[in-house]
Amino acid sequence: MPDLFVYTDGACSGNPGPGGWGALMIARDGDRVLKERELCGGEAHTTNNRMELLGAIFALEALERPSTLTIITDSAYVKNGVTTWIHGWKRNGWRTANKKPVKNVELWQRIDEAQARHIVTWEWVKGHAGHPENERADELARAGMEPFKP
């Protein structure tokens with residue numbers, strides 16, 4: 001069975017402002033690439049964090065059957081949120097430790113639901129550090145933003 005890796009990124013021109021998300025999905029057998037799929041999209045008025053979340057959400061939702069995959073993001077917000085913070089938020093009725101509503105709650109609920117049918121490993125990689133697949137995800141996010149720029 002091939003390994004599935006998904007590289008996600010978000011971009012925003014102004015925060016808030018026009019934004020885009022991107023996802024690069026790669027199925028590999030060892031070092032051999034079997035299949036690649038690129039996804040991107042955007043919104044006219046959004047934030048960087050929302051775009052980072054949507055990159056991962058759309059990638060998870062694009063999978064037609066339950067899968068085992070690794071999602072690599074340069075967003076500590078997404079990685080920490082989905083692997084650590086979300087458990088407390090759910091226990092607290094989608095409130096933070098200091099009882100405030102979770103920002104972007106509808107996206108956190110959507111990512112929670114989207115990953116529930118998969119086995120997902122989350123990894124963080126430093127952004128804009130020459131990681132080829134992360135750079136491609138960034139290019140996709142910028143392409144997704146382009147139609148919404150003034």
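Q: In β2, what is the bridge partner of T8?
A: A23 is the bridge partner of T8 in β2. Strands here are DSSP runs of E with at least two residues, and helices are runs of H or I with at least four, numbered from the N terminus.

Q: Where do these numbers come from?
A: The model is predicted: local features need pLDDT of at least 70, side-chain atom pairs count only at pLDDT 80 or more, and totals for chains, interfaces and linings use all residues. Residues are numbered from 1 along each chain as its sequence is written, and side-chain values use heavy atoms, leaving out hydrogens and water.

Q: OK. How many bridges join β1 to β2?
A: Ten, and the two strands run antiparallel.

Q: What order do the strands of the sheet take?
A: β3-β2-β1-β4-β5, an open sheet of five strands with mixed pairing. Two strands pair if DSSP finds at least two bridges between them. β3 and β5 are the edge strands, each pairing on one side only.

Q: New topic. How many disulfides are there?
A: Zero in the whole structure. A disulfide is a pair of cysteine sulfur atoms within 2.5 Å.
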